[in-house]
Amino acid sequence: MSGANMLRVEEAIARITSLIQPVEGFEQLALRSALGRVLAADITSPIDVPAYVNSAMDGYAVRADDLTESGETRLTVIGTALAGQPFAGEVGAGDAVRIMTGAKLPAGADTVIMQEKTRREGDSVLIEGGQKKGQNVRHAGEDMARGEVVLTRGTRIDPAEIGLLASLGIPEVQVFRRLRVAFFSTGDELRSLGEPLGDGELYDSNRYTLHGMLSRLGADPIDMGVVRDRPDAIRAAFEQAAATADVLITSGGVSVGEADYVKQTLDTLGQVDFWKVAMKPGKPLACGQLGRCLFFGLPGNPVSAMATFYQIVQPGLRRMAGETGNQPLRFTVPCAGNLKKRPGRADFQRGILEQGPNGLVVRSTGSQGSHVLSSMSRANCFIVLPAESGDVESGTPVEVMPFAGLV
């Protein structure tokens, strides 16, 4: 596949999307255990939130008909309403009730005057003119109404969703089961942590990165270790993963070297859908199927492995986990510095998004080599340069994809 006909990133994502459906199988979890999981069923509100008409301010509950448009209005204070301790009486003509935020609005009242617009004289309260009927009042069901669908199937449960569900009195929810994702690294030069390094050897970082990315995504990671560059060893690992996992992810072995057996093994045991994408870093990216097991072969270079995971693999895993509607945030800011770029491939450079004197700007982390893993650690965003673009001059607007919400 030549550079001219490599898949564009968008095409690769579309192909992956067409290959997969959400996993089957659900779990019923206690609310606190559901953080980070994906809802498998719509949530309908069993109650109104708020459950009753209440005050949005500390102040006085009054009848709007008693207020004058200009000048002060003097009303008699007949009691107090606290959150959880309603006023039992009724507000009549010329009456006011001292009320706190969240307290139930007393019968007869329809308006709350914030205390900063009042002054107290004994049992009376004087209210500034110019108040509006219904101000500072929260109505029953204003946030969520009984019977309303408040969260839909496919929503990832974050802290806000936990709080929302708790406010509805819902103690447990149905979620999709976790994705089982097996992964291993290939390469005779790789050593695991704790092993001494020989000449020409290096520690395997990709398995640790993958474990972190998969865990953050809410998957069940299955670490198969380092598999040596031998056809029989790689074949055995493929067969084991296909029998136990929903997805297999490898790093290394998908280029065109003599000892790169991953793609060859996938050709033999399964189906290759594509294996080159027009992106940098990360051109050699294999995607296919091992029976019912989805396969991704990531490049061996650490930054390439992370970039391809976030840009291409993660959207597929989110869909497979049952999630819908997740689109990473992208926006345009000026570039604070020159960037090197050759036309032909989309480039996901590592950048630092920061506040400049006139607003947000982005600058490069420095060296953009696919082996420079520290560039990912220093960065807080991807600078997304389209395939057709060339070098970027300082001050030029560029698209950025913040890591917040992505990683």
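A charge is taken to sit over a ring if NZ of Lys or CZ of Arg is within 6 Å of the ring centre and within 35 degrees of the ring normal. By this criterion, R98 lies over the face of Y60, at 5.2 Å from the ring centre. K263 likewise lies over the face of W275, with a distance of 4.8 Å from the ring centre. The structure is a predicted model, in which local features need pLDDT of at least 70 and side-chain atom pairs count only at pLDDT 80 or more, while totals for chains, interfaces and linings use all residues. Residues are numbered from 1 along each chain as its sequence is written, and side-chain values use heavy atoms, with hydrogens and water left out.

In soluble globular proteins, nonpolar side chains tend to be buried together. A nonpolar core is defined here as a set of buried Ala, Val, Leu, Ile, Met, Phe, Trp, Tyr and Cys residues joined through side-chain atoms within 4.5 Å; buried means under 20% relative accessible area, exposed over 50%, and partly exposed in between (1.4 Å probe, protein chains only). The largest such core has 47 residues, and those with the most contacts inside it are I249, F296, F309, L317 and F382. At least two residues of this core are supplied by each of several elements, including α1 (9-19), α3 (206-217), β17 (247-251), β21 (293-298) and α6 (302-320); helices (H or I, at least four residues) and strands (E, at least two) are DSSP runs, numbered from the N terminus. Helix α6 provides the largest share, 10 residues. With neighbours within four places in sequence left aside, I249 is in contact with residues including V181, F183, L210, F296, F309 and L317, contact being defined by heavy atoms within 4.5 Å. Another core, of 19 residues, lies apart from the largest one and has V227, I234, A237 and W275 among its members.

Six aromatic pairs are found in a search of the whole structure. Rings of Phe, Tyr and Trp (its six-membered ring) pair if their centres lie within 6.5 Å; planes under 30 degrees apart count as stacked, over 60 as edge-to-face and the rest as tilted. The pair of F238 and F295 is tilted, because the ring centres are 5.2 Å apart and the planes stand at 40°. F238 belongs to helix α4 (residues 231-244) and F295 to strand β21, so the pair ties together parts that are 57 residues apart in sequence. F238 is buried at 1% relative accessibility, and F295 is buried with a relative accessible area of 0%. By contrast in geometry, F309 and Y310 form an edge-to-face pair, with centres 5.6 Å apart and planes at 85°; both residues are buried. F184, F238 and F295 form one aromatic cluster.

Strands are treated as paired if DSSP finds at least two bridges between them.

Strands β4 (residues 59-62) and β6 (residues 95-99) run antiparallel and are joined by three bridges, and I99 in β6 is the bridge partner of G59.

Most residues other than glycine have a negative phi, and most peptide bonds are trans. The peptide bond from V49 to P50 is cis, with omega near -5°, and P50 lies in the loop between β2 (43-44) and β3 (54-55). The bond from K280 to P281 is also cis, with omega near -5°. N136, although not a glycine, has a positive phi of about 60°; N136 is partly exposed, with a relative accessible area of 21%.
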